[in-house]
Amino acid sequence: MRLLLADDERELADALAAILKHSHYSVDVVYNGTDALDYIRTGLYDGCILDIMMPGMNGLEMCRKIRTKSNIPIIMLSARGE
């Protein structure tokens, strides 16, 4: 299974990618929403994990754009309390 992980906190993104890779997932990591949308448009992913607060384009906006063209599974991450 190939996943796209988008999170601007590099240490967290790299640690999560390492865990997923250890569990036999193929993971591409990007650090902003704009790059993530470019990657996801290739159609090569089985799912994506998006941080809500990212530079370039936040995860919610990105999710809306993805949903206009695809029903790919999306997991949203957030450090927000509300």
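Trainee: Which strand does Asp-28 lie in?

Mentor: Asp-28 is part of strand β2, which covers residues 26-30. Keep in mind that this is a predicted model.

Trainee: And what does the side chain of Asp-28 make a polar contact with?

Mentor: Its partner is the side chain of Tyr-45, at 2.5 Å.

Trainee: Which residues does Asp-28 touch, leaving out those up to four places away in sequence?

Mentor: Asp-28 touches Arg-2, Leu-3, Leu-4 and Leu-5, and also Tyr-39 and Tyr-45.

Trainee: Let's take Tyr-39 then. Where is Tyr-39 found?

Mentor: Tyr-39 sits in helix α2, residues 33-40. Beyond its neighbours within four places in sequence, Tyr-39 is in contact with Leu-4, Asp-28, Val-30 and Tyr-45.

Trainee: Is Tyr-39 buried, partly exposed or exposed?

Mentor: Tyr-39 has 36% relative accessibility, so it counts as partly exposed. The cut-offs here are under 20% for buried and over 50% for exposed.

Trainee: New topic: Leu-50. Is Leu-50 buried or exposed?

Mentor: Leu-50 is buried, because its relative accessible area is 0%, and buried means under 20%. Leu-50 belongs to strand β3, residues 47-51.

Trainee: What does Leu-50 touch, not counting residues up to four places away in sequence?

Mentor: The list is Ala-6, Gly-59, Met-62, Cys-63, Ile-66, Ile-74, Ile-75, Met-76 and Leu-77. For one of these, Ile-74, the C-alpha atom is 7.2 Å from that of Leu-50, although the two residues are 24 apart along the chain.

Trainee: OK, zooming out. How many helices and strands are there in the chain?

Mentor: The chain has three helices and four strands, and from the N terminus on they run β-α-β-α-β-α-β. The radius of gyration is 12 Å, close to the 12 Å from the globule rule for 82 residues, so the chain is as compact as a globular protein of that length.

Trainee: What share of the 82 residues is buried?

Mentor: Buried residues account for 37% of them. As for the surface, the chain exposes about 5,100 Å², with 52% of that supplied by carbon and sulfur atoms.

Trainee: Last one: how many positive and negative side chains does the chain have?

Mentor: There are 9 positive and 12 negative ones, and the centres of the two sets lie 9 Å apart.

Notes. Residues are numbered from 1 along each chain as its sequence is written. This is a predicted model: local features need pLDDT of at least 70, side-chain atom pairs count only at pLDDT 80 or more; totals for chains, interfaces and linings use all residues. Side-chain values use heavy atoms; hydrogens and water are left out. Helices (H or I, at least four residues) and strands (E, at least two) are DSSP runs, numbered from the N terminus. The radius of gyration is taken over C-alpha atoms; the globule rule is 2.2 Å times the number of residues to the power 0.38. Buried means under 20% relative accessible area, exposed over 50%, partly exposed in between (1.4 Å probe, protein chains only). Accessible areas come from the Shrake-Rupley method with a 1.4 Å probe; for residues, only the protein chains shown count as cover. Lys and Arg count as positive and Asp and Glu as negative; His and the chain ends are not counted. The place of a charge is taken as NZ of Lys, CZ of Arg, CG of Asp or CD of Glu. A polar contact is a pair of N or O atoms within 3.5 Å; within protein, one must be able to donate a hydrogen and the other to accept it, and residues adjacent in sequence count only if both atoms are side-chain atoms. Contact means heavy atoms within 4.5 Å.
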